[in-house]
Amino acid sequence: MHAIAFDHGGHQGGWTPIRPVPPMSDAQRFAELIGRVAGADRTAFADLFGHFAPRVKSYLLRLGAAPALAEELAQETLLAVWRKAAGFDPAKAAASTWIFTIARNLRIDAARRERRGDVADDPSDAPEAEPAPDARLAAAQSEGRIRHALTALPPEQAEVVRLSFFSDKPHSEIAEQLGLPLGTVKSRLRLAMGRLRESLGDLA
Amino acid sequence: MTAPTRHPSEALILDLARGALERGRALVLRAHLAVCPGCRATLGLAEAVGGAMLDAAEPAPMAPDALASVLARLGEPPPPPPAAAPHPPGDWIRVPADVLAAAEGGRRQAAPGVWVAHVTGEGGRSGPRSYLLGVGPGIAVPLHTHRGGEFVCVVKGAYKDRGHIYRPGDFVENDESVEHQPRVTRDGECVCLIAADNLLVPRSIQARLLQPIVGI
């Protein structure tokens, strides 16, 4: 697939590629960067940091974290990326998925500490100590498809998925916020998950 | 072991992926996931959605010295790895390490043939809690209902409840409308990992007498 556009400028009336076909997808590029980070490459780390830290911070702010905590956890997330990079398996999950789970776990640990007022849990606890998924749905190649499938969801399904991930509220509260019965919210989520699964069907 | 036949809803798996489950509930769900490839695939999908959402998030500017301060910390020694998980008994499904540690350290006899080991919540007077419940062959749990909901994952053995038999790895969600008296099958002891929003609501004298002792 070539990205082309008609160039009204200096060229003699032709179709000019304005953007070369990218040598690799974002997901592949990030996976490659994490591989270099595993080899202690600080330049690759700075690249990853530049892309993901502001997004992790944004995600945490959307979940209601105070700005100072969002900043701290975004930094901690990227520090954990540095430490765990050798354990990243691009066949198992896209870079963005892996980083999402790290940020989520750190957020859960921080909330737990705040409630108990006690010392840090090891952020590398349960979720990642689990056995590898047998069905590797979330491989790097599938990342673009998920993103595409998300944009193709009917708006009412996309809305409940978005509200779910940008909140840690129970679905009953999300339903209240939308003025919908809980059953409707749940069935929209189920339909959305079904569509997303279908969009990955031939990768499963 | 045969694959579990009773599964959590997709909404619950989504809750786990987005980090919205109370800790004890998350442990019960993870115990099921450890033996259920289908539900793990759903979790993988839900986490991939989270990843896509993260990637699509509008970047929020970091503090000016953020990168420099993280770069300065890269050489710090990492936190010590978690202590090695105790080995699960051979006839149990694989359960999260926290659960095994609780099972080893804190088993309390609750009645003849019945033991409880608290995992989270420590069995206080109210609020969410999770625990392992071991019940001997043929014994029935006294009639009770629930305030709030309850998640159950069978860790070993089997029990019968309102016409169904639940076996290792099966996941059940009970709500306040459920009044029941589950009974362990005669084949052997049954161990379940349970997360409840609150103390059980006893519906028999037997259950009422036991409750202050066991905190479930």
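Predicted model: local features only at pLDDT ≥ 70, side-chain atom pairs only at ≥ 80, totals over all residues.
Chain A has 204 residues, of which 36% are buried. The secondary structure of chain A consists of nine helices and two strands. Among the contacts in chain A with a separation of 6 or more, 59% join residues 24 or more positions apart.

Helix 8 of chain A, residues 171-178, can be followed in some detail. Two packed helices are described by the angle between their axes and the distance between the axes. For helix 8 and helix 9 of chain A, the axes come within 8 Å and cross at roughly 105°. An angle from 65 to 115 degrees counts as roughly perpendicular, and helix 8 and helix 9 of chain A are therefore roughly perpendicular to each other. On the helix 8 side, the contact is made by His171(A), Ser172(A), Ile174(A), Ala175(A) and Leu178(A). Helix 9 of chain A contributes Leu182(A), Val185(A) and Lys186(A). By class, the residues of this contact between helix 8 and helix 9 of chain A are five nonpolar, two polar and one charged.

Which residues of helix 8 of chain A are buried? They are His171(A), Ile174(A) and Ala175(A). An α-helix has 3.6 residues a turn, so residues three or four places apart point the same way. The other side of helix 8 of chain A carries Ser172(A) and Gln177(A), which are exposed. What do the buried residues of helix 8 of chain A pack against? Their partners are helix 7 and helix 9 of chain A, together with helix 1 (10-18) of chain B. Just after helix 8 of chain A, Gly179(A) has a positive phi of about 65°.

Chain B contains an open sheet of six strands in the order 1-2-3-10-5-8, with antiparallel pairing. Strand 1 (107-111) and strand 8 (171-174) of chain B each have a single partner strand, so they form the edges, and one side of each is left without a neighbour in the sheet. On average, neighbouring strands of this sheet are turned by 25° against each other, direction ignored.

Within this sheet, strand 3 (residues 129-135) and strand 10 (residues 190-196) of chain B form an antiparallel pair over seven bridges. Here Val135(B) has Cys190(B) in strand 10 of chain B as its bridge partner. Strand 10 of chain B also pairs with strand 5 of chain B, in the antiparallel sense and over six bridges. In that pairing, Val152(B) stands opposite Ile194(B) in strand 10 of chain B. Strand 5 and strand 8 of chain B are joined by four bridges, again antiparallel, and Cys153(B) stands opposite Phe171(B) in strand 8. Seven of the seven residues of strand 5 (residues 150-156) of chain B are buried, so this strand is largely enclosed by the rest of the structure.

Helix 5 (residues 97-105) of chain B lies across strand 1, strand 2 (114-120), strand 3 and strand 10 of chain B. The angle of helix 5 to strand 2 of chain B is about 135°.

A further open sheet in chain B has three strands in the order 7-6-9, with antiparallel pairing. Strand 7 (164-166) and strand 9 (183-184) of chain B are its edge strands, each pairing on one side only. Strand 6 (residues 159-161) and strand 9 of chain B pair over two bridges. Tyr159(B) stands opposite Val184(B) in strand 9 of chain B.

The last topic is the contact between the chains. How many residues does each chain give to the contact? Chain A gives 58 residues and chain B gives 44 residues. Several helices of chain A each supply at least two residues of the side that touches chain B, among them helix 3 (67-84), helix 4 (95-116) and helix 9 (182-199). Helix 2 of chain A gives the most to this side, with 11 residues. By class, the side of chain A that touches chain B has 30 nonpolar, nine polar and 19 charged residues.

Key. Residues numbered from 1 in each chain as written. Chains lettered and ligands numbered in written order. Contact = placed C-beta atoms within 7 Å. Nonpolar A, V, L, I, M, F, W, Y, C, P; charged D, E, K, R; others polar. Pairing = 2+ DSSP bridges. Axes fitted to C-alpha atoms, helices over the stretch in contact; angles between N-to-C directions. Parallel < 35°, antiparallel > 145°, perpendicular 65-115°, else oblique. Buried ≥ 20, exposed ≤ 12 C-beta atoms within 10 Å, placed from the backbone.
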